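Good morning, and thank you for joining this group meeting. Please look at the sequence and the structure as they come up, and keep them in view while I speak.

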Amino acid sequence: MRKLIIFALLINVCVLHAAAPPGPPSEAPSGEEILERIDNNFYAENRVSISSMIIRGVRGTRTIKAKSWVQGMDKAFTEYLSPAREKGTKMLKIKGELWTWSPSTDRIIRIAGHMLRQSLMGSDVSYEDFMEDPELSNIYNARVTGEETIDGRPCYLLELKAKKSEVSYYSKKFWVDKERYVPLRQDWFAKAGKLLKTVVIHEVFKVENRWYPRRMTFRDVLKKGSGTEFIIESIDFNVEIPEHIFSKASLRR
Amino acid sequence: MIKFLLKGLMRDRSRSLFPVLIAGTGAFLTVFLYSWIQGAIGDLIQSSAQFDTGHVKIMTRAYRELSDQIPNDLALLGVESLLEQLRSNEKEMVWTPRTRFGGLLDIPDERGETRAQGPVMGLAADLLNPSSPEIKILNLNNALVRGHLPREKNEILISEEFARRLGVTIGETATLISSTMNGAMAMHNFTVAGTVHFGITSLDKGAIIADISDVQYALDMPDAAGEIVGYSKDMLYDDEAMLELTKKFNDRFSKEDDEFSPVMLSLSQQNGLGEYLGFASALGGIIVVIFVFVMSIVVWNSGLINGIRRYGEIGVRLAMGEPNGSLYRWMIFESIVTGFVGSILGTLVGLGASYYLQFKGIDFGSVLQKSTVLISSVVRARVTGWSYAIGFFPGLIASVVGTIFAGIGIYRRQTSQLFKELEV
């Protein structure tokens, strides 16, 4: 009788195992854990960077260079360094508000409402993207849906769903490098399921124990053109940033 | 005899006054309605040509596809050289570059912070060049309400209603927030030189007019323009000639495999204006047919009533030996006389009313508050050469046709029965 019970239990376990949907191996981290590790790579208390933005439009390519100071999630200040037309233009983000100043007009203009959906300097990134909370785990729930290989690197396939509906992209699909926890490819979707943007990270580098993208391409799939390439020329994490940088007065300085 | 019959016609009101009144009313309504609709459609076409379509318009093939969205990223490049070619090849036309743009107009306070702001529709035209026809085409001298036309760089005109709403005065700074040709945010300071009233609701709600070189700088569009518009030198639109010009240009310059190659469209090929033009030219015929039909029935009916009333008179004339044909022809002659007199009177009254509305117009501004169509808020009638003649068609034809049907009864009278009928 005991043998019969053990046999029945074994059969039961086998049947249940066979009926379970195929998924990631049991040792795979959960979606939330992966998001946290991505956040650990990308998010810092503060950082100062110099980057170039190569905008590949239908009728030509433009390169814009900028220096950015970022503090936590709420404060960011960017000064455009080149080309001549954009040089000196500054942008300030404090919490949910965004201002811009251009030397030719000497006007501080608050960017709000529908203007937030406009393209940032003609790139494939909008002001709204720029305003988004950089910590993914604050906005999205994540679920591992499988594994795939991107450019020879094994990746977790992650499905992100927004915790609240008032976000620019309701769902995202990430291909996260299993070793470095960098999303090598991202697809961003509207609530209706329409693909809006793609992000491809071409090159990553290690800085202060974290993996960070050096070169990546944003592409607004609703726009013509070959996308906008971001190149991080230099980046310093956790440096001292004077508080006065994040004030409207510094826009005119 | 004729004198006697004419006297009878004059003295018998039912034979003269009522047919004249019927013919006159028909002629009046035809002339008035025709002139009114000609005015309304003419206004729409003229406003569209002035501010939007030109007699012909050149843009890139890609821009044409999305022209409602004003896609300046798809604007024409190398505009100076294209204009040079057009001016040397098509000398009977006037060519001028234009750029339409949208955005926000922001008025600063003394600290440079936003005091007032509103969405704006902009038109960049060649205003500072002394040889440019734009001031005349856009009728800016007449539209000016306050201030002066742009004389210096970065001076703009703003619609009077919009200026009042924003509380902006002449000489103040206004910052345009828009998009560059590359899609980046553009900010540019202008000075308000004057205010204008176009009489077109969609423009008066919020429009600015700036010099094209300033807008080229502001929107990062060097040697570029959204459109090049062309007008015939006499400013009269000739659809056939414009279609021919369009074909000639497109055969030479437009390439199907190059979305940035220029393409020319005539006024009738834009914004469904071809249908309006077709409608306007068919309108005279439509109105005449409707009125001839309706009035023929009315005159036929009144002829039948007349026939009963004049039963005795016709009987006597037949009994005296007047042939049926002669009597029938005489009745038709009578209808020609009454129709002619009625048409003259109706046309005169119709022309009077039309001329009054041509100068006075009716203001539909309050109904067109949300309109985005380039149509004048004051709709006027327009008296054309055809207005003088069109009333005679229903006036004469309807009278004659009505009498032809009503008079058939004459042939049904039996001569043998006449005396018996007359005894009664």
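Predicted model: local features only at pLDDT ≥ 70, side-chain atom pairs only at ≥ 80, totals over all residues.

How many bridges join S7(B) to strand S8 of chain B, and do the two run parallel or antiparallel? Seven bridges join them, and the two strands run antiparallel.

S7(B) and S8(B) form a hairpin with five residues between them. In the turn sits Gly183(B), which has a positive phi of about 90°. To find the pairing in the structure, please locate Thr173(B), which stands opposite Thr191(B) in S8(B).

Strand S7 of chain B, residues 173-179, also pairs with another strand. Three bridges join S7(B) to strand S3, residues 93-108 of chain B, and this pair is antiparallel. Here Asp106(B) stands opposite Thr175(B) in S7(B). Is S7(B) mostly covered or mostly open? The strand is mostly covered, as six of its seven residues are buried.

I now turn to one residue of strand S8 of chain B, namely Val196(B). Why is Val196(B) counted as buried? The reason is that 28 other C-beta atoms lie within 10 Å, and a residue is called buried when that count is 20 or more. Leaving aside neighbours within four places in sequence, Val196(B) is in contact with several residues, including Leu140(B), Leu144(B), Val145(B) and Leu157(B). Met235(B) is 39 residues from Val196(B) along the chain, and their C-alpha atoms are separated by 22 Å.

In soluble globular proteins, nonpolar side chains tend to be buried together. In this model, the largest nonpolar core has 113 residues. Those with the most contacts inside it come from both chains: Ile34(A), Val176(A), Ile156(B), Ile158(B) and Ile208(B). S8(B) gives the most to this core, with seven residues. Apart from it lies another core, of 25 residues, among them Val20(B), Ile22(B), Phe28(B) and Val31(B).

Ile34(A) takes us to chain A. Beyond the neighbours within four places in sequence, the contacts of Ile34(A) include Val144(A), Tyr156(A), Leu158(A) and Val176(A). The secondary structure of chain A comes to five helices and 13 strands. Of the 253 residues in chain A, 31% are buried.

Where do the two chains meet? In total, 14 residues of chain A are in contact with 16 residues of chain B. On the chain A side, strand S5 (97-102) and strand S6 (107-110) are the elements that give two or more residues. The largest share, three residues, comes from S6(A). By type, this side of chain A divides into three nonpolar, seven polar and four charged residues.

Finally, I return to chain B as a whole. Its domain assignment gives domain 1 (2-47 + 275-423) and domain 2 (56-236). The C-alpha centres of these two domains lie 50 Å apart. Helix H13 of chain B covers residues 324-359. This helix has 36 residues and reaches 52 Å from its first C-alpha to its last, close to the 52 Å expected. Among the buried residues of H13(B) are Gly339(B), Gly342(B), Gly346(B) and Gly350(B). The helix is followed by Gly361(B), whose phi is positive, near 70°.

Technical notes
Residues numbered from 1 in each chain as written. Chains lettered and ligands numbered in written order. Contact = placed C-beta atoms within 7 Å. Helix = DSSP H or I, 4+ residues; strand = E, 2+ residues; numbered from the N terminus. Nonpolar A, V, L, I, M, F, W, Y, C, P; charged D, E, K, R; others polar. Domains from an automatic or database assignment. Buried ≥ 20, exposed ≤ 12 C-beta atoms within 10 Å, placed from the backbone. Pairing = 2+ DSSP bridges. Core = buried A, V, L, I, M, F, W, Y, C linked by C-beta atoms within 7 Å. Expected span 1.5 Å × (residues − 1).
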